[in-house]
Amino acid sequence: MNRPQPTRLPYLTHGLSGIRGRLKSSEDDFFVEEIPAYEPCGEGEFVFVGIEKRGLNTRDALQRLASYCGVREQEASSAGLKDKHAVTRQVICLPARCETPLAAFSDPLIEILWAKRHRNKLKTGHLRGNRFAIVVREVSHDALVRARVIRDVLLKQGFPNYFGEQRFGTAGDNASDGFALLAGGNPFRKMSFSQKKFLTKMALSAAQSELFNRCLSERLRRQLFLQVQLGDVMQVTRTGGQFVVEDVAAEQARFEAGETAVSGPLFGPKMMRPGGEPGLREETVLLEAGVSEPDFLRHKKLTQGSRRPYRVLVETLDIEPVEGGLRFDFTLPKGVYATCLLRELMKSD
């Protein structure tokens with residue numbers, strides 16, 4: 001089967017000059033803080049721990065904390081995965097028996113901010129969003145003017161909800177491994193069980209993400225990013241409910257009011273399928289990738305399928321000049337990549 005290379009992602013603001021620049025000149029230039037879905041109640045069999053980490057990805061931080069407390073890595077959990085090259089504040093979860101040893105925990109890369117009991121284990125996705133404060137260095141001489149022009153467009157139109165480069169691994173080959181798995185291959189044959197389990201989940205997710213990015217890219221190229229079409233699967237912004245468009249005019253009005261979003265595919269057997277032209281375009285993306293819908297049944301527990309909004313609305317995007325660059329402050333829903341907002345601002349002429 002074909003193993004598609006990551007697609008070239010078109011810009012929403014392709015006609016506007018970007019600020020160029022460089023991200024993550026230092027860890028302090030990329031700060032992110034989780035917005036939790038709920039607060040721990042103060043009692044129960046688990047302990048929620050607020051941490052600030054730097055120079056570590058979330059999995060490495062979980063491993064260090066679990067090892068220190070003498071529990072298995074599988075007993076530790078987090079709501080989200082955060083970048084390695086950044087300063088991040090997030091919540092992790094451990095068995096309640098870890099509460100006492102954590103009082104003496106010391107690590108130069110992890111600071112414990114607080115700990116509080118809760119009745120249920122923290123699961124992936126149990127957060128509302130993330131706050132960001134990001135400095136871009138080495139920008140163009142007129143970067144502030146350029147950034148403000150692009151900012152005005154993004155505040156009005158939103159931005160494409162691509163999966164960022166982080167999703168595809170340092171070498172960019174996670175999706176390629178995922179396509180091999182979908183074809184019945186086993187690229188992790190020589191790995192340990194725990195490594196194989198982790199990498200398989202990551203690779204299959206990357207393959208789904210690559211296919212989503214291709215569908216969204218096609219939408220932008222056809223200048224349909226802000227258009228509702230007959231057969232589109234819409235997602236209700238407040239509840240996440242999904243439905244297929246039958247009345248284009250009515251749904252265009254709801255879309256423009258921010259009540260709904262056009263959604264794209266995370267392919268799998270439980271995914272709601274669009275009709276009409278949107279459905280044909282999704283089928284074409286699969287065909288061009290050498291993938292068929294039955295392929296997702298090979299790993300159906302990991303590729304159940306769902307939908308993801310094509311557009312992200314931004315409520316605020318503050319820009320402040322700092323020495324050597326610009327700082328951007330904004331908040332995004334969970335699962336949305338800050339780098340995909342910033343790429344609209346940082347593109348070269």
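**Note on cysteines and strand pairing**

1. The structure holds 0 disulfides, and it should be kept in mind throughout that this is a predicted model.

2. Cys69 itself counts as buried, because its relative accessibility is 14%.

3. Turning to the strands, strand 7, which covers residues 127–139, is joined to strand 1 (residues 20–22) by 2 bridges, and the two run antiparallel. Within this pairing, Arg22 is found opposite Arg137 of strand 7.

4. Strand 7 also runs antiparallel to strand 2 (residues 30–36), to which 7 bridges join it; here Pro36 has Leu127 of strand 7 as its bridge partner.

5. A further antiparallel pairing links strand 7 with strand 15 (residues 325–333), and this one extends over 9 bridges. Gly325 of strand 15 stands opposite Arg137, a residue of strand 7 that also stands opposite Arg22.

6. An open sheet is formed by 4 strands, whose order is 10-9-11-12 and whose pairing is antiparallel. Strand 10 (242–244) and strand 12 (306–309) each have a single partner strand and stand at the edges, so that one side of each is left without a neighbour in the sheet. From one strand to the next, the twist averages 45°.

7. Within that sheet, strand 9 (residues 233–236) and strand 11 (residues 260–266) run antiparallel and are joined by 3 bridges, with Met234 placed opposite Val262 of strand 11. Helix 5, made up of residues 193–221, packs on the sheet, where it touches both strand 11 and strand 12; the direction of helix 5 makes about 130° with that of strand 11.

Definitions and conventions: Residues are numbered from 1 along each chain as its sequence is written. This is a predicted model: local features need pLDDT of at least 70, side-chain atom pairs count only at pLDDT 80 or more; totals for chains, interfaces and linings use all residues. Side-chain values use heavy atoms; hydrogens and water are left out. Two strands pair if DSSP finds at least two bridges between them. Axes are lines fitted to C-alpha atoms, for helices over the stretch in contact, and angles run from 0 to 180 degrees between N-to-C directions. Contact means heavy atoms within 4.5 Å. A disulfide is a pair of cysteine sulfur atoms within 2.5 Å. Buried means under 20% relative accessible area, exposed over 50%, partly exposed in between (1.4 Å probe, protein chains only).
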